[in-house]
Amino acid sequence: MQEGTVLPAQQVNRDLLRSILDPPGWFWPVVALLGLIVLVAFGAAGYMINRGLGVTGMNRPVMWAFFLTNFVFWIGISHAGVMLSAILRLSKAEWRRPATRAAEVLTVFSLMTAVLMPLIHTGRPWRTIYWIYTAPFVPYDFARGIWPNVRSPLVWDPSAIFTYLTSSVLFVMVALLPDMAVLRDRTTGIPHRIYGMLAMGWEGNSRQWKFQIIAGILLSALILPVFVSVHSIVSWDFSMTVSVKSWHSTIFAPYFVIGAVHSGVSAVAFVLILLRQVYGWQNYIRHEHIDGLARLLMFVATAWFYFFFMEVIFGFYGREADEIALRSFQFTESPWNIWMMIFVGSTYFLPMAIWLVRPARRNLWIMSIACISVNIGMWLERFLIIIPGLARKQMFTFDWGTFRPSPVEIIIIFATFALVTMLMLLFSRVLPLIPLYDIKEGDILKTEIQIGRRTVPATFRED
Amino acid sequence: MVTNRINHKWGMVVDLDKCTGCQACVVACQSENNLPINTKDSFIQRRAYEWIRIERYWEGEYPNVKARFIPIMCQHCENAPCEPVCPVFATYHNDEGTNVQIYNRCIGTRYCANNCPYQVRFFNWWEPKWPKTLRNHLNTDVTVRSRGIMEKCSFCVQRIRRGELTVERQEGGKLDHKTMGERNVLPACVQACPTSALTFADQGDETGPVRKYFDDVNEHEHHGDRTTRGYRLLEEMATKPNVIYLKKVDQFPLTNGGNHGG
Amino acid sequence: MAANQAHNAGMWVFPRAEEVSGDMAAKSRAMPRPMVAAITVSAILLVLGIIGFVARAVDDGFTDHAPWGYYAAIFSFLLMVTGAAPLVALVFRFTKSHWRRPLSRVSELFALVGILNLLMFIPLMFVLPAINNPGAGEEAMELRRTIWFEVPIGAPHWWDALGVGFLAVLGLAILWLASVPDLAEARLTSGGMRRKFYSLMAGHWFGTKRQWEMQKAGLAVLGAFYFMFLIWVHFIISTDYGQSLIPGWKDSIFPVLYSLTGLQASLGLILIIMFIMRRWGGYQEYIGISLFWSASKILLGLSMLWVYHVFSFMITYWYGRLEVEQDILKYLFTQSYGGMFAANFFFSFVMPFFLLLWNPVRKTAWGPALAGVAVLIGALLFNLRIFVGAFNAGDVYQHALNGVPPAVWPDIWDIFMVVGGLGAAALIYLTGTRIFPLISVWEIKEGAMYQRMGTFIRGEYLILAKPE
């Protein structure tokens, strides 16, 4: 009945700290390889910044393309962390325990990666200092009277993203305190001092636990509105654009948020499967956890499909010539129609078919395929929103265009995936990606009750 | 600096009946405003700079076809969609009714270009270059834009300023509609147009050449009520452009009706 | 029921399984005076409603849709709330939330009102203007804007009727399936006509393992299907009778907002009923505070989602400065129905939000119920605003609103129809409570098995079992 055995605390420590205290041999070669990919991309970006944005495939109707697609994609991935940690923590779902830390860390790193995209997208990154005055600790340029235009969604954007970044870093740090203390006690020399500093004098007395729990719950509740606002504001970058018919849709905010949750939770499931395989955490990331994520994803995916359906049907609803032209480009002209089919199939129908079958949900290989498929689909979703809308903007048919990415863009896009993977791996080298104390707490609260002749798993409730 | 400037509200009227699609305006604009030379490559990449461009549409089916031309430049909308979306105020509306771009504020988000329904904003994808022989032709009154900057038609604001300076300083006159009207402030495209299809003047000037068209279009929302041939591009967007187009009067319309495909 | 007092002042209650059946049988047979009074009042309201309907039909006929705005509004309110109400039980059964056990029958019983919805929909079929414009002129459209893009045969009238009808059937199927074990039990404890009825309804239910498995699987499948179908019906009704009648209103979020308002209001209504049952109905031994505490968190979330969706609609329309969109905003949000929107906003968001923000309020019975009253009023105002607005927005074949039409206030027949609709729904529901036990006996018994008190280190805590 009960999956997984309750392990003694020492065993939990030993297993979960293996990635830090006893790293596997493949670690540095893999990091070096990923680092090489990232370096190549830095080279490509440097070349682009040196020569000008002309080296990309962007052109007059299609002024936003791969970089912005990738930006929205990574912002979307970053929504998993809060979705899982905060909502599942507030709803006291027991199966959240091993997933929270990985999700939160993925949030932080994917947000950082996402922020890189608009910076290089402008072509002259050093000028973006005038843009990010809304970021924390960046002073306003009072002296020269240069103010950001608060009416612009592009000013709302950095405000929301930096708030989210700050609060999710805080969220991770609060959750890390007890584990930092564990590491402090198991290291010597300089690492010991660094962990000691980060643990902020954690002793594990009941007063500290109480504050840590209260802080966790408060942050969960407070971060939820931030989380919703971030992707809503990203969507408003598009839906405030009156000239692009397919963007100017009232549903964009919730549609983007649910899409972000969809891709983010899939990404977390994939990361958990990877962690289980590479660090041998079979006892912690169990089939029931992946199964729980898959069942959550079934709901999220269907909700996403509903919003997608609304977005499309109200595109046709207007019976306006310009929007019909845009939609027929999107849905009927090759190669866009093929991408469209791949997108809908891989975002909804393929993974849904997998998740509906219980053995498939519990097969890690098949689950990985479903999760990757969702993310390919969600990347294409953003791409298929951004490009056709711009390529068929208004009825000036003389100005219609299309888009073809250049190698520079493709290299940079691929490297962002390497970058996030590398950062995650490096994080796992210094801090545990599965919360030690949360696992132990779950084990303590676990119990069983006897109903008739059967033993049923049960948990103690704290309220 | 001109001190006692009156508030102008500039406007342009484009008579499509007179436009022959000769592209003289395009060339004039090119040399007046320091636009880089459009090469074959830049057209193929769809990155040509044409602050004013002639769009060509075919009407009817071959062989029974007619070519239609429409010059499109920045419409200097009163309610410009490009303005609110810029995060750094690089584009704004000045008190003369024109939409101006501040080059050294622009950071290159290109949001304004996305939100422009007329697609008249141009991004400097490359550092602009001129052949050696053209080094000395650059207009000293106009900034040379570097890469990463958005640019667009300015209604030749440098010519307007020079007109004002001439009236006030050199001729010692007082700035008003009459004196400015006599100075005949002309953007390069208007000056170059061989058929006088383009007219540029102050809308505030009661007796000026553009006033009656603006009055007519502003007062009558429905095309049927208008006494002139005037209309604005994409009127349903309510951007209120300061450019008015006059409909083509076709003496010999196509018999098969024709479609407006591109 | 000693455990009740010992633990957290009725946070969770553990009814004794042996007592539940008999108690519930007695309660559903009883006819207390307040119940008689409530049934009488709702019957009188129903009569008023019929009078109003007949008078409206005689006065205005069915050719023009404009006079039927208030009728459509009350129809939509009932469809939205009673359609979404069974979902509350289905969703929380699906997530295996223990606290939902006392409310599942209250919520599923609303399926009975589905029949009323279908009946009320029939007149609306005649008033909906045709999709093809009979006099397509210069500026008007040949086909008006609808979601029926290629306009299949019978769309939208018959398709909408099919949707509403099928939803009612589906709801009744769920009600039957969820109550079959209780009906089988009631068959044993009652006599006469009741016994015959219960035997007929319970069929061959004997509570074998296979039957239980079938019942649970059936509820899960039907529940998922009901959820999706309800959202679909909300979508077609809200666009065909709301959005598409206002020229120029192209708003992809409206069906979502409509469904959300329905979910919010139905949860509110259920909380009100739970409060009444607990306070005056003698059910306090079945309904713990944990139900209000958990449900009110959901209600708080729904209220915040409601305002989020409203905001994301308004900012998109406001920012663009397009005239066609500004007119819609003025019509529905700031000018014509501005006052109504302000009230709607207050009741659907401000009041529930500031009430339920506080944990001490969420842990009472009255707080969530008061918020429930607010969201119910909010949903009624929402429907009046949107549907009366839609039915009086002028020529449906135009591209945009012609100026901002004035608001239309109800005459006496409209008021009769609105209260009549509410009365009819109440009458059906109250009659239903005399037939079906108001607490799902089998779920309560199941819950009593799954939760008990246990010692954890030094204190007594609740243990919740989570079976597969």
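The radius of gyration used here is taken over C-alpha atoms, and the globule rule it is held against is 2.2 Å times the number of residues to the power 0.38. With 463 residues, a compact globule would come out near 23 Å by that rule, and chain A has 23 Å, which agrees. Please keep in mind that this is a predicted model: local features need pLDDT of at least 70, side-chain atom pairs count only at pLDDT 80 or more, and totals for chains, interfaces and linings use all residues. Residues are numbered from 1 along each chain as its sequence is written, while chains are lettered from A and ligands numbered from 1 in the order in which they are written.

**Chains A and C overall**

- Chain A comes to 17 helices and 2 strands, where helices (H or I, at least four residues) and strands (E, at least two) are DSSP runs numbered from the N terminus.
- The C-alpha trace of chain A spans about 70 × 60 × 40 Å along its principal axes.
- In chain A, 48% of the 463 residues count as buried; a residue is buried if 20 or more other C-beta atoms lie within 10 Å of its own, exposed if 12 or fewer, and partly exposed in between, with C-beta atoms placed from the backbone.
- Of the contacts in chain A with a separation of 6 or more, 79% join residues 24 or more positions apart; two residues are in contact if their C-beta atoms, placed from the backbone, lie within 7 Å.
- Chain C has 17 helices and 2 strands, and its C-alpha trace spans about 80 × 50 × 40 Å along the principal axes.
- For the 468 residues of chain C, a compact globule would have a radius of gyration near 23 Å; chain C has 24 Å, which agrees.
- Buried residues make up 50% of chain C, and residues 24 or more positions apart account for 81% of its contacts with a separation of 6 or more.

**Where chain B touches chain A**

- This contact takes 34 residues from chain B and 35 residues from chain A.
- On the chain B side, β2 (53-61), α3 (82-85) and α4 (111-114) each supply at least two residues.
- By class, that side of chain B has 18 nonpolar, 9 polar and 7 charged residues; Ala, Val, Leu, Ile, Met, Phe, Trp, Tyr, Cys and Pro count as nonpolar, Asp, Glu, Lys and Arg as charged, and the others, Gly among them, as polar.

- Helix α16 of chain A (residues 407-430) has 24 residues and should span 34 Å at 1.5 Å a residue; its end C-alpha atoms are 35 Å apart, which agrees. The expected span is 1.5 Å times one less than the number of residues.
- Among the buried residues of α16(A) are A:Val408, A:Glu409, A:Ile412 and A:Leu419.
- The buried residues of α16(A) pack against α2 (18-21), α3 (27-51), α4 (66-77) and α6 (100-121) of chain A.
- A:Thr56 sits in the loop between α3 and α4 of chain A, and with 22 C-beta neighbours inside 10 Å it counts as buried.
- Not counting residues up to four places away in sequence, A:Thr56 touches A:Met48, A:Ser406, A:Val408 and A:Glu409.
- A:Thr56 and A:Val408 are 352 residues apart in sequence, yet 6.4 Å apart in space, C-alpha to C-alpha.

- Helices α12 (residues 321-332) and α13 (residues 336-355) of chain A pack at an angle of about 70°, with their axes 5 Å apart; axes are lines fitted to C-alpha atoms, for helices over the stretch in contact, and angles run from 0 to 180 degrees between N-to-C directions.
- That makes α12(A) roughly perpendicular to α13(A); angles under 35 degrees count as roughly parallel, over 145 as roughly antiparallel, 65 to 115 as roughly perpendicular and the rest as oblique.
- A:Phe329, A:Gln330, A:Phe331 and A:Thr332 of α12(A) meet A:Trp336, A:Asn337 and A:Met340 of α13(A).
- In chain C, the axes of α2 (residues 17-29) and α7 (residues 157-189) come within 10 Å and cross at roughly 75°, so α2(C) and α7(C) are roughly perpendicular to each other.
- C:Ser21, C:Gly22 and C:Ala25 in α2(C) meet C:Glu185, C:Ala186 and C:Thr189 in α7(C).
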